[in-house]
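Me: I have a chain open and would like to go through it with you, starting with how the terms are meant. Could you take me through it once it is on screen?

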Amino acid sequence: MNPKLIGKIIGGALLLEAVLMLLPLGCSVVHGEDLKLFVIPMLIEGAVGGILYFIADKDRDIVSREGFISTGLTWITLSLTGMLPFLISGAMTNPIDAFFETVSGFTTTGATVLTDLESLPKGLLMWRSFLHWIGGMGILVFMSAIMHFARGSQINLVKAESTGPIVSKLVPKADSTAKVLYGIYTAMSVITLIILLILKMPLFDAICLTFSAAGTGGFGVLNDSCASYTIAQQVALNTATMFFGVSFTLYFLILMGKFKLAVKNEELRLYLLIFALATIFITVDLMAQGDGAVNGGPLMALHRAAFNVGTIMTTTGFAIEDCNYWPGFSQCILVILMISGACAGSTGGGIKVSRLNIMLKAFNKEMAIHLRPEQVKKIHIDGKPVEDSVIRNTGTFCFLWMFFIIMSILVVSIDGKEWNATITSVISAFGNVGPGFGENGTMGNYSSFSNLSKLVLSADMLIGRLEIYPILALFKRNTWKCF
């Protein structure tokens, strides 16, 4: 293990975070706000990051272990420095609250402890939403796109930070892969911004919500999230989050002229099928309970169902109403969507649709073998055989996902809150969704949770976003051998 190389990666991330703070700093300049909110953190990040970056070895490969350690430590470090504007502004006086909010931003969860967004400085609101955009595709993927590390071995950083059961290069070099990903990501963000502006959303709101939609995060700038916007603007936001919930590999295939191959993707089809069925079931449920008739009829019920299904399934967490008043059946569907999540290789969270597809096929395979033990059956995804190691890793991941959720629920339950708030807060945090049900519902927040619960939920957000192993590796003894 090369600790100097790990320090170089963390230092590079700190330098990058300092540069990225120029955007909210510029916003503060435009609005005549206190500049120290960002100047002080930038100086700290620049000094510490510069020292770490320039004292390191410059010609060493990043092996898998170093990739995992660097990823886990980088995300924790950036969260600790990224929370400084919240503390300096006075918007938060509790460091744990500031850490929770920043982790929620970076991991694109969107859970908040703030109760009055509209009273905050514009620069701070922009930084809050910009955290989603930075964390959506991954800070180390961004670094790999613009910096050179260790003879092109950045693939171990990209793998450690990317989501999904299978991570492969889009092009031969990892840094080129990162550039392709961020090129698509940026282009889609610009398109989203333009559409929101065409629909006459205020410029500041449009920029912040574009960051949140692209990262499938959910931080807004109004106290009622997205309820005050027009239906057209809500539809545009929901559509954008659905597009960002699709694997970016498919967009690359489309750019390469392989449209049919992208359209035939099994995960995409299952993703759209889940969205369609959930939307239909909730629409019917709302109408059957009389809720849809009271709130605008069938079309409005369809819009409300589609928006909430889209924003929860993609783990974005935008809100246009308080779903605590929805029928129990519809609420259960939303909880299931929190768990399933979006597609692998997207900015969305959850277990991922690709893993559900693999586990469903693994179940069918086991059933077939039990009925006819003599047969040999292989699982195929998109016409290609799936290795047993991938199936094993998927099963292990799903087990760990549920294990951490159960353990976290036990700790958070110490707060003595209602069961729905306790359970959904953990599922929401681990799946990087944001809202749950109860006091932390779509129109609520996490301000009343204890410091212990906030720390546990912060850990859940990081573990869920990095898909368990990079954070878990930090606590394994073997990780630190030969340090």
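Reply: Helices (H or I, at least four residues) and strands (E, at least two) are DSSP runs, numbered from the N terminus. This is a predicted model, in which local features need pLDDT of at least 70 and side-chain atom pairs count only at pLDDT 80 or more, while totals for chains, interfaces and linings use all residues. Residues are numbered from 1 along each chain as its sequence is written, and side-chain values use heavy atoms, with hydrogens and water left out.

Me: Fine. Where does Thr316 sit?

Reply: Thr316 lies in the loop that runs between helix H17 (297-313) and helix H18 (328-340).

Me: And is Thr316 buried or exposed?

Reply: Thr316 has a relative accessible area of 0%, so it is buried (buried means under 20% relative accessible area, exposed over 50%, partly exposed in between, with a 1.4 Å probe and protein chains only).

Me: What is Thr316 in contact with, leaving aside neighbours within four places in sequence?

Reply: Taking contact as heavy atoms within 4.5 Å, and leaving those neighbours aside, Thr316 is in contact with Thr109, Ser212, Thr216, Gly217, Gly218, Thr241, Thr311 and Val433. The side chains of Thr316 and Thr314 are also joined by a polar contact of 2.8 Å, the term standing for a pair of N or O atoms within 3.5 Å, where within protein one must be able to donate a hydrogen and the other to accept it, and residues adjacent in sequence count only if both atoms are side-chain atoms.

Me: Switching to Asn440, where is its place?

Reply: Asn440 is found in the loop between H21 and helix H22 (451-465), and at 1% relative accessibility it counts as buried. Its side chain makes a polar contact of 3.4 Å with that of Tyr446. Not counting residues up to four places away in sequence, Asn440 touches Ala421, Thr424, Ser425, Pro435, Asn445, Tyr446 and Phe449.

Me: Which residues of H20 meet H21?

Reply: From H20 they are Trp401, Phe404, Ile405, Ser408, Ile409 and Val412, which meet Thr422, Ile423, Ser425, Val426, Ile427 and Phe430 in H21.

Me: Last one, the whole chain: how many helices and strands does it have?

Reply: The protein chain comes to 23 helices and two strands, and of its 483 residues 58% count as buried. Among its contacts with a separation of 6 or more, 72% are accounted for by residues 24 or more positions apart.
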